[in-house]
Amino acid sequence: MAEPGARERIESSLGESGFALPGSLVWRSTACGKAGCHCQDDPPVLHGPYLTWTRTVRGKTVTRKITEDQLAHYQEWFDNDRKLPQLVRELETLSLRAFEQAEGGKSR
Ligand SMILES: [Zn+2]
């Protein structure tokens, strides 16, 4: 059974959502490739870790660094992008139940 008010909760969450930034945030450590740099030592001491934002634009992967300040400012936008599909899936589940209740479980 659907929880009471599930539809209202989902609808208000969808309605109140702010911006949503696509892509993923990943911490990365890198080697620059310069001879003599500590990242070329054995064992290597890599640069970073840096927080990077990766997304796909017209089939190409686009990556940019995100500073701590930017993360603090935009964290909610990144979170919203994960929450919205989850809310849509919940709404789809409720909608399927509503359809089946109204129309019966079997197709005619
Ligand atoms: Zn290096």
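**Entry 1: T52 and R28**

I looked up the side chains of T52 and R28, and a polar contact of 3.0 Å joins them. I note that this is a predicted model. Where does T52 sit? I found T52 in strand β2. Is T52 buried or exposed? Its relative accessibility is 6%, and buried means under 20%, so T52 counts as buried.

Next I listed what T52 touches, leaving out residues up to four places away in sequence. The list holds S24, L25, V26, R28, T63, R64 and K65. I placed some of these by their strand ranges.

Which side chains make polar contacts with the side chain of T54? One is R28, at 3.1 Å. Another is T63, at 3.4 Å.

I then checked the pairing. T54 stands opposite T63 in β3. Setting aside residues up to four places away in sequence, T54 touches G23, S24, R28, T61, V62 and T63.

The side chain of R28 has a polar contact with T52, and R28 has another with T54. I looked up the bridge partner of R28 in β2 as well, and this partner is Y50.

I wrote one reminder here. In a regular strand the side chains alternate between the two faces of the sheet.

I looked up each pairing in turn. β1 pairs with β2 (residues 47–57) in the antiparallel sense, over 6 bridges. Within this pairing, I noted W27, whose bridge partner in β2 is L51. β2 and β3 also run antiparallel, and 6 bridges join them.

I followed the chain out of β2. R58 lies in the loop between β2 and β3. What is the phi of R58? I found a value near 45°, which is positive, in a residue other than glycine. Most residues other than glycine have a negative phi.

The hairpin of β2 and β3 has 2 residues between the strands. I also looked up the accessibility of R58. Its relative accessible area is 82%, and exposed means over 50%, so R58 is exposed.

**Entry 2: two cis bonds**

Most peptide bonds are trans. The bond from D42 to P43 is cis, with omega near 0°. P43 is found in the loop between β1 and β2. The bond from G48 to P49 is cis as well, with omega near 5°. Where does P49 lie? I placed P49 in strand β2.

**Entry 3: the whole chain**

Along the sequence, I read the pattern as α-β-β-β-α. Is the chain spread out or compact? The radius of gyration is 22 Å, well over the 13 Å that the globule rule gives for 108 residues, so the chain is more spread out than a compact globule.

I noted the spans of the C-alpha trace along its principal axes, about 70 × 35 × 30 Å. Buried residues make up 15% of the 108 residues.

Last, I looked up contacts between residues at least 6 apart in sequence. Of these, 51% join residues at least 24 apart.

Definitions and conventions:
Residues are numbered from 1 along each chain as its sequence is written. This is a predicted model: local features need pLDDT of at least 70, side-chain atom pairs count only at pLDDT 80 or more; totals for chains, interfaces and linings use all residues. Side-chain values use heavy atoms; hydrogens and water are left out. Two strands pair if DSSP finds at least two bridges between them. Helices (H or I, at least four residues) and strands (E, at least two) are DSSP runs, numbered from the N terminus. Buried means under 20% relative accessible area, exposed over 50%, partly exposed in between (1.4 Å probe, protein chains only). The radius of gyration is taken over C-alpha atoms; the globule rule is 2.2 Å times the number of residues to the power 0.38. Contact means heavy atoms within 4.5 Å. A polar contact is a pair of N or O atoms within 3.5 Å; within protein, one must be able to donate a hydrogen and the other to accept it, and residues adjacent in sequence count only if both atoms are side-chain atoms.
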